[in-house]
Amino acid sequence: MNDVIELPVIQPDACCAPMTSAPISLEEAAKTATLFKALGDPTRVLLISIVAASEGHEACVCDLTEPTGLSQPTVSHHLKILTDAGFLSRTRRGSWAYYALVPGALERLATALAT
């Protein structure tokens, strides 16, 4: 015996409405691609997550090596990419570098293609 599954009727205007009002410019597409490329590595996503979860949304590079299982130079390389992309800011305190989440940086990803 075959069971018939009824699917809901989808209104064409509901499923075919454009998600954005206009496509982004070529320059904006390049900037947005840089943001996504910076997050294209699981280590970088983890680093942002650690910094975002840290007190004051800030972490010392010395606190970021153990959770990633990577050497300090490798972690610093990933942090530089995230800093260059505008996700993190860097300040020096003595011999240590501290990285902080740039306010609004993560929200830019959410709105990059929706504006």
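Let's start with His 57, which counts as partly exposed because its relative accessibility is 43%. Here, buried means under 20% relative accessible area, exposed means over 50%, and partly exposed is in between, with a 1.4 Å probe and protein chains only.

A word on the source. This is a predicted model, where local features need pLDDT of at least 70, side-chain atom pairs count only at pLDDT 80 or more, and totals for chains, interfaces and linings use all residues. Residues are numbered from 1 along each chain as its sequence is written, and side-chain values use heavy atoms, with hydrogens and water left out.

Back to His 57. It sits in the loop between α3 and β1. Helices (H or I, at least four residues) and strands (E, at least two) are DSSP runs, numbered from the N terminus. The phi of His 57 is positive, near 55 degrees, and this residue is not a glycine. Most residues other than glycine have a negative phi.

Now helix α3. It covers residues 42-53. Its 12 residues reach 16 Å from first C-alpha to last, close to the 16 Å expected at 1.5 Å a residue. That expected span is 1.5 Å times one less than the number of residues. Which residues of α3 are buried? They are Thr 43, Arg 44, Leu 47, Ile 48, Ile 50 and Val 51. Down the axis of α3, these buried residues fall within an arc of 160 degrees, so they line one face of the helix. The arc is taken from the directions from the helix axis to the C-beta atoms. On the other side of α3, Pro 42 and Ala 53 are exposed.

Look at the start of α3. A side-chain oxygen of Asp 41 comes to within 2.7 Å of the backbone nitrogen of Thr 43. Thr 43 itself has a relative accessible area of 18%, so it is buried. Leaving out residues up to four places away in sequence, Thr 43 touches Thr 68, Leu 70 and His 78. A contact means heavy atoms within 4.5 Å.

Where is Leu 70? It is in the loop between α4 (65-68) and α5 (72-84). Leu 70 is partly exposed, because its relative accessible area is 29%. Leu 70 and Thr 43 are 27 residues apart in sequence and 9.2 Å apart in space, C-alpha to C-alpha. Beyond four places in sequence, the residues that Leu 70 touches include Val 75 and His 78.

Next, α5. It has 13 residues and reaches 18 Å from first C-alpha to last, close to the 18 Å expected at 1.5 Å a residue. Val 75, His 78, Leu 79 and Leu 82 are buried in α5. Seen down the axis, they fall within an arc of 100 degrees, so they line one face of α5. Those buried residues pack against α2 (26-38), α3, α4, β2 and β3. Just after α5, Gly 86 has a positive phi of about 95 degrees.

Last, the strands. Two strands pair if DSSP finds at least two bridges between them. Strands β1 (residues 58-60) and β3 (residues 96-101) run antiparallel, joined by three bridges. Six bridges join β2 (residues 88-93) to β3, also antiparallel. Take Tyr 99 in β3. Ala 59 stands opposite Tyr 99, and Arg 90 has Tyr 99 as its bridge partner. Two residues separate β2 and β3 in their hairpin, and Gly 94 in the turn has a positive phi of about 65 degrees.

Notes:
A polar contact is a pair of N or O atoms within 3.5 Å; within protein, one must be able to donate a hydrogen and the other to accept it, and residues adjacent in sequence count only if both atoms are side-chain atoms.
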